[in-house]
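Keep the model open as you read.

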Amino acid sequence: MRIHNFISKPARSIKGEITVPGDKSISHRSIIFGSLAKGTTIINGFLDGDDCMATLKAFQAMGVNIEGPDEQQVVIYGVGKYGLEKPEQVIDCGNSGTSIRLLAGLLAAQSFDSQLTGDESLLKRPMMRISKPLTQMGADITTVDGKPPITIRGGQKLKGIDYTMPEASAQVKSCILLAGLYAEGETRITEAGVSRDHTELMLKNFSYPVHRSGNTLIVNSESECIGTEIDIPGDISSAAFFIVAATIIPDSDILIRNVGINPTRTGILHILLEMGAKITLLNQRQLGEEWVADLRVQYAPLKGIDIDPNMVPLAIDEFPVIFIAAACAQGQTTLHGASELRFKESDRIAAMVDGLKELGIHANALDDGVLIEGGTLHGGIVESRGDHRIAMSFAIAGAVAKEPVTIKNCVNVATSFPLFVETAKELQLQIEETVYNVQ
């Protein structure tokens with residue numbers, strides 16, 4: 001077995017200009033709707049990390065001709081809504097929660113049987129939030145004690161439902177929307193709070209009508225997706241690591257070009273600005289339905305805050321690195337209303353609090369959040385728990401620590417940011433990857 005660790009050393013300052021990989025959420029959805037479309041779809045800026053490649057390979061297994069990725073471009077020869085074929089094997093979603101939840105909604109409406117599985121981490125993640133509404137729609141879907149593998153019996157006639165989301169979740173919403181593209185009658189989804197709207201925007205890109213009435217989304221089965229060209233902006237979740245790095249490393253000044261600033265994703269900017277960060281949005285523009293900007297980030301002293309719970313769905317993937325910013329701030333930072341963090345690729349509340357304590361920071365885990373007292377980060381060894389965002393967050397911590405920080409078990413960084421170390425080096429961050437074999 002090959003073990004991947006990071007060693008992150010203190011950095012004096014970071015300067016320069018970078019781009020980050022294409023948005024992971026948008027990349028997943030571009031593959032899904034391009035495959036279901038009539039005609040050809042060209043995707044530019046596709047993220048070729050392990051998670052999105054799992055989605056791409058799933059559709060290839062269902063008979064869709066997909067070329068690439070070649071220099072982040074993918075060409076899909078869509079088969080239409082009813083053109084998917086039964087996969088010969090179980091579909092392996094790897095580490096990707098997005099893949100398994102969105103595919104479940106789509107496959108529940110197909111004529112053939114299918115099964116979805118994943119790696120050790122994914123097999124621990126809850127699936128009742130999707131299996132329950134899909135069953136209400138008439139799907140025949142079974143899990144193992146509410147977790148993957150997911151077994152779906154095809155040939156069921158789905159009916160639209162009026163579903164009120166118990167909590168904000170873009171993956172659950174998207175799962176139901178995908179099933180709704182095949183269901184008899186209208187499918188109505190009322191959101192409990194703001195969640196990522198990439199699926200709705202992507203449907204518009206593919207000329208599929210989706211209506212919004214207040215907090216309710218409405219789709220039906222009477223339309224088709226039409227092939228198109230998609231330009232994917234840089235992922236703000238990947239940019240987040242360098243936004244925080246430039247904020248907390250003295251004398252830093254960086255520019256991150258072409259970052260998606262979808263309003264349902266910009267919680268990290270709001271939180272850091274409230275803490276005192278110096279972030280400037282330049283050259284704001286639209287790529288298709290998505291807003292994009294260049295981000296200039298300069299060093300600024302931070303202060304601890306009570307994070308508004310309304311920010312949670314807008315920053316859910318960025319909290320690990322926000323906790324690093326909190327560790328460098330003056331005073332106390334508190335977060336409540338974020339229990340979903342315990343059900344990501346790892347228990348991110350426990351993983352971050354344990355790691356921060358190891359590096360000399362006073363931090364307490366709450367049932368639904370954290371309490372972090374800003375201080376001085378020392379060197380040490382932390383465990384990423386196989387979680388890509390935990391690994392990259394502590395790599396940023398090492399840049400401001402007194403001594404180097406070793407982060408264990410970082411192989412899953414490839415799921416979202418395969419060139420993280422190389423990009424970090426462009427800014428003079430001192431992050432090295434070590435790989436060795438164990439029996």
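H4 and H5 count as roughly parallel to each other, a label for angles under 35 degrees, with over 145 being roughly antiparallel, 65 to 115 roughly perpendicular and the rest oblique. This is a predicted model, in which local features need pLDDT of at least 70 and side-chain atom pairs pLDDT 80 or more, while totals for chains, interfaces and linings use all residues. Residues are numbered from 1 along each chain as its sequence is written, and side-chain values use heavy atoms, leaving out hydrogens and water.

Back to the pair: the axes of H4 (residues 128-136) and H5 (residues 170-180) come within 9 Å and cross at roughly 30°. Axes here are lines fitted to C-alpha atoms over the stretch in contact, with angles from 0 to 180 degrees between N-to-C directions. Helices are DSSP runs (H or I, at least four residues), strands are E runs of at least two, and numbering starts at the N terminus. On the H4 side, the contact (heavy atoms within 4.5 Å) is made by Arg129, Ile130, Pro133 and Leu134; H5 brings Val172, Cys175, Ile176 and Ala179.

Even Arg101 is on the buried list, along with Thr98 and Ser99.

Leu103 and Leu106 of H3 also turn up among the residues touched by Phe59. Phe59 sits in helix H2 (residues 50-61) and, at 0% relative accessibility, counts as buried. Beyond its sequence neighbours up to four places away, Phe59 also touches Ile31, Ile32, Ser35, Val64, Ile66 and Leu84. Its C-alpha atom is 8.0 Å from that of Ile31, 28 residues away along the chain.

What about the nonpolar cores? A core is a set of buried Ala, Val, Leu, Ile, Met, Phe, Trp, Tyr and Cys residues joined through side-chain atoms within 4.5 Å. The largest one has 82 residues, and those with the most contacts inside it are Phe242, Phe319, Leu356, Phe394, Phe420 and Leu429. Helix H7 (residues 236-248) supplies the largest share, 10 residues. Leaving aside neighbours within four places in sequence, Leu356 is in contact with Phe323, Ile324, Ala327, Ile361, Ala363, Ile372, Leu377 and Phe394. A second, separate core has 65 residues, including Ala37, Val64, Tyr182 and Cys225.

Terms used. Buried means under 20% relative accessible area, exposed over 50%, partly exposed in between (1.4 Å probe, protein chains only).
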